[in-house]
Amino acid sequence: MTPSDIQRALGYLVPLVADYWERPLRSYAAGAYGEFETAGLDIRQEAFGKLCSMLRSRLIRDGFKETEIQQLVAQLRRRPVIQTGPHCHLIVEPDAFFTHLFSLIGLRAHGEGWYLNYSVSTVKFTESAKKGPGWLWLDGQNVNVFGLSRSKMVPYSIYGRHALCNFILKPDEAGTDHPLLDQLRAALPERNFSSAAEAIKSGNLYLWRQCIGTEVNFLQLDDTDVTELVVEHLADKNSWLSSRFINAPDMIALLLRAVQELDSGAWAGWFKFNTDFFWLVRDGRLRRLKLERGRLCDDSRDLQICFNSQTLAQSLKKREIVPSLFLVFLVIAVLPGMRALGGSRQVIYYPLMRHVLLMALDRSDASIDKALAKSIRSDKTPSVWGHRTIAPTCQDPWRLFAAPGLPALAPLLEEFETRTLRETSAGLPGFLTDEMWARCCPWPGNGGRPRLDNNRW
């Protein structure tokens, strides 16, 4: 597998990409954030309204003014785009930073003032050897962001609220000078947080203003925010998610059957349910749930939750459960008609999520489901590659901003926005090192796999 192979595959699977390999990155970023209208179907306009309501609540809590909130809502009506690529990391983590930079380039190309990002927080502190939300590389060494022992990191999710977290920034080598580390510690809030994910969201507000400024505001969502949004859907007995999905056993059965069919075909392995719609949250760990006879059960069968809107909403409010990635994308992208920007796996699994939903809707006898399927198929480029379009060029982006008065942002933007997408993606390392792409990459004409665009699905 070579970068040229991946470029051909991406051009086949995500047709928008094929037009931009030899054009400036600014053009591709502007295309990703291109203007379009959300679907007019009432179900989807109501879902878009619920999304905006959740965003409003979050921004009020963060201290933004009404005029700023209105600007975000107006922008989303013009450009309903959300970056969903990076996990819940501090923005100075390389994988996250250069993706945020890509989105910033696209937004600035249109003169927009808000950047909306969903960062999945149902991930562990350590995702691989000293990498993940609990780690940074700074001053030439690994830094333990929250100062936690290995036993308190490896099994736990940063979403968990089992213990308070604060920014310790503990280096591997204690007792030596760490000026960059000291400067980063001074830039982050000095208080305890209910979870690591809450700490990261709060810390990123501080870092964004220091590194990026206020020309473009930053709003980072995570699974706590999405939980609030799902509750709002479930509390509305007339919402499609409540009345035609959660409280409709036949639709749930149709969807689960579609997932099984997909995972036994040409796209096996790319999208399957690791848990049935929700994760159980217990003592900071996420546990799989299985839907059986109208109840969600854990592996021990000791816990059982009735699968209906009222009971699930109560469990979500108590933080006993958290939505699965399928439900996350359903409420932040599919139903409201938002375009999702993502990485090497998302450009395949997100269209597959839409596909299984469409399979279930097509098999439903209800006219409302048929109308929803037709509307979803009308979406304009709902999935775009937008994560790791700029391959990280350094291990410690914080170094670029630590020196007082250093105008780091403008030179960075100038460096990348005029280079071609082929150049900035630098051989597509995120794809080449991805075992799923190595084993299952759907090369054009090989394996009978269809394109992942709405012309086919």
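Predicted model: local features only at pLDDT ≥ 70, side-chain atom pairs only at ≥ 80, totals over all residues.
Buried means under 20% relative accessible area, exposed means over 50%, and partly exposed is anything in between, with a 1.4 Å probe and protein chains only. Residues are numbered from 1 along each chain as its sequence is written, and side-chain values use heavy atoms, with hydrogens and water left out.

**Leucines and their contacts**

- Leucine 229 sits in helix α9 (residues 223–235); helices are DSSP runs of H or I with at least four residues, strands are runs of E with at least two, and both are numbered from the N terminus.
- Setting aside residues up to four places away in sequence, leucine 229 touches Lys50, Leu51, Met54, Val331 and Ile332, where contact means heavy atoms within 4.5 Å.
- Leucine 229 and lysine 50 are 179 residues apart along the chain, yet their C-alpha atoms are separated by 7.0 Å.
- Leucine 325 belongs to helix α13 (residues 325–334), and it is partly exposed because its relative accessible area is 29%.
- Not counting residues up to four places away in sequence, leucine 325 touches Tyr118, Tyr349 and Met353.
- The C-alpha atoms of leucine 325 and alanine 235, 90 residues apart along the chain, are 20 Å from each other.

**Salt bridges**

- A salt bridge here is a side-chain nitrogen of Lys or Arg within 4 Å of a carboxyl oxygen of Asp or Glu, and by this rule the count comes to 27 salt bridges.
- Glutamate 228 pairs with arginine 61 in a salt bridge at 3.3 Å, N to O.
- That pair links distant parts of the chain, with glutamate 228 in helix α9 and arginine 61 in helix α4 (residues 42–61), 167 residues apart.
- Glutamate 228 counts as partly exposed because its relative accessibility is 28%.
- Aspartate 182 and arginine 185 form a salt bridge too, with their closest N and O atoms 3.1 Å apart.
- These two are three residues apart in helix α7 (residues 179–187), so about one helical turn separates aspartate 182 from arginine 185.
- Both ends count as partly exposed: aspartate 182 at 42% relative accessibility, and arginine 185 with a relative accessible area of 29%.
- Lysine 201 and aspartate 225 meet in a salt bridge at 2.9 Å, N to O.
- This pair also links distant parts of the chain, from lysine 201 in helix α8 (residues 196–211) to aspartate 225 in helix α9, 24 residues apart.
- Lysine 201 and aspartate 225 are both buried.
- A network of salt bridges links Arg58, Asp62, Arg161, Glu198, Lys201, Asp222 and Asp225.

- Aspartate 276 lies in the loop between α11 (249–263) and β7 (278–282).
- Aspartate 276 is buried but has no salt bridge, and the nearest side chain of opposite charge, lysine 290, is 4.2 Å away; Lys and Arg count as positive, Asp and Glu as negative, and His and the chain ends are not counted.
- Leaving out neighbours within four places in sequence, aspartate 276 is in contact with Leu256, Leu289, Lys290, Leu291 and Leu296.

**Lysine 124**

- Lysine 124 is in the loop between β2 (114–118) and β3 (135–138).
- Lysine 124 counts as partly exposed because its relative accessibility is 43%.
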